[in-house]
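Biologist: Before we discuss particular residues, could you put the model up so that we can go through it together?

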Amino acid sequence: MNPVAGQPGSRIPIQRADFGRVSVLFGEKSGKYPDGNQVLIRGSDTRASFDTPVVSNHIGPEFDDTELVVMGHIHEDHMAGLHRVPHASVYVHEGDLPAARSWDGMSAAYGGAQSGSAKMLAKLQREFFYAPRPDALGYVDGATWDLGDTRIRAFHMPGHTAGHCVLVVEPEGLAFIGDIDLTGFGPYYGDASSNLHDFRRSLARLPDIPAKVWVTSHHRGIYTDRAHFLRDLAAYTAKLDEREQRLLGWLAESPKTLGQLVERRLLYPPGYEALWVVDAETRTISQHLAELVADGRVQVDEQGVYRLG
């Protein structure tokens, strides 16, 4: 990786790695949230980018000259640089398209009273330069974009959001796997548009994506060793079963309502508070409970009390 100077006001030199016509420019702490890692593609006909994290505001002309933005999915931290490229064509998987086009669509995708509130909107405008893109265009699984001597191909990998996709640059074989980010936090599926079952399927399919380099939106950064990538993917996937076992352990102590389980915090530390936390915990725990009830390992009574089956 080589450091490059950021724009005036950038906090640290921006680190980068180059793979042929593809460059990865790292956000702070390898793109740890609230930042992210920026992928830029220099096609012979078109300059393109994947998502627009906070770091894109500090890159300068190399990002600002982007003509095509392909969004891997829609969340506030991935839209933070869209305001810098008002004339670029923006493509979003149809599952996330309403969230890209308006705050009403974004709010509905988040779900919950707090994560879709006016306070949340103000936070996103203040911290992520949030601005909807009503001009965004939709794409579907298998969509391709020809940039001249380079091509982008989309693989629909839902779960994190309804439209989450892995974007592969050909012929470089670089896969931008987005928020299948392989962090120690584990998979996030706490929005109204998230789906635990779909996430499980996407994680199982990910090793079959034709790639030799894997780039995450956050924190892990770049993998060039397949064995290392697969080990971290297995550890990341195991978080799902770990969470399930924690829920079963809590119910083994005593029967509990959904609200009582949310207070224990499955994703975040006990007592952790933020605008979206209760909504995210509620959605996450509800999905695990639905699976456990369907499997007969947990029962729920008419009062909404859950106990071991």
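Biologist: Leaving aside its neighbours within four places in sequence, which residues is Val140 in contact with?

Modeller: A word on conventions: this is a predicted model, in which local features need pLDDT of at least 70 and side-chain atom pairs count only at pLDDT 80 or more, while totals for chains, interfaces and linings use all residues. Residues are numbered from 1 along each chain as its sequence is written, and side-chain values use heavy atoms, with hydrogens and water left out. Val140 sits in the loop between β8 (137–139) and β9 (144–146), helices (H or I, at least four residues) and strands (E, at least two) being DSSP runs numbered from the N terminus. Taking contact as heavy atoms within 4.5 Å, the partners of Val140 beyond those neighbours are His93, Glu94 and Ala154.

Biologist: Does Val140 count as buried, partly exposed or exposed, and at what relative accessibility?

Modeller: Buried means under 20% relative accessible area and exposed over 50%, with partly exposed in between, using a 1.4 Å probe and protein chains only. Val140 therefore counts as partly exposed, its relative accessibility being 42%.

Biologist: In the largest nonpolar core, which residues touch the most other members?

Modeller: Such a core is a set of buried Ala, Val, Leu, Ile, Met, Phe, Trp, Tyr and Cys residues joined through side-chain atoms within 4.5 Å. The elements that give two or more residues to this core are β6 (68–71), β7 (89–93), α3 (97–101), α4 (103–110), α5 (118–128) and α9 (277–294). Val92, not counting residues up to four places away in sequence, touches Met71, Ile74 and Tyr139, among others. Of the 36 residues in the core, those touching the most other members are Met71, Ile74, Val92, Trp103 and Met106.

Biologist: Why are the buried residues of α6 placed on the same side of the helix, and what arc do they cover?

Modeller: The buried residues of α6 (residues 196–205) are Leu196, Phe199, Ser202 and Leu203. The arc is that of the directions from the helix axis to the C-beta atoms. These residues lie on the same side of α6 because the arc that they cover around the axis is only 115 degrees.

Biologist: What covers the buried residues of α6?

Modeller: An α-helix has 3.6 residues a turn, so residues three or four places apart point the same way. The cover over the buried residues of α6 includes α7 (226–253) and α9.

Biologist: How are Trp214 and Phe229 arranged as an aromatic pair?

Modeller: Rings of Phe, Tyr and Trp (its six-membered ring) pair if their centres lie within 6.5 Å, and planes under 30 degrees apart count as stacked, over 60 as edge-to-face and the rest as tilted. By this rule the count comes to 11 aromatic pairs. With 4.4 Å centre to centre and 10 degrees between the planes, Trp214 and Phe229 are stacked.

Biologist: Which elements hold Trp214 and Phe229?

Modeller: Trp214 is buried at 2% relative accessibility, and Phe229 is buried at 0%. The pair links distant parts of the chain, 15 residues apart, with Trp214 in strand β13 (residues 213–216) and Phe229 in helix α7.

Biologist: What is omega at the cis peptide bond that joins Glu170 and Pro171?

Modeller: Most residues other than glycine have a negative phi, and most peptide bonds are trans. Pro171 is in the loop between β11 (165–170) and β12 (174–178). For the cis bond joining Glu170 and Pro171, omega is about 10 degrees.
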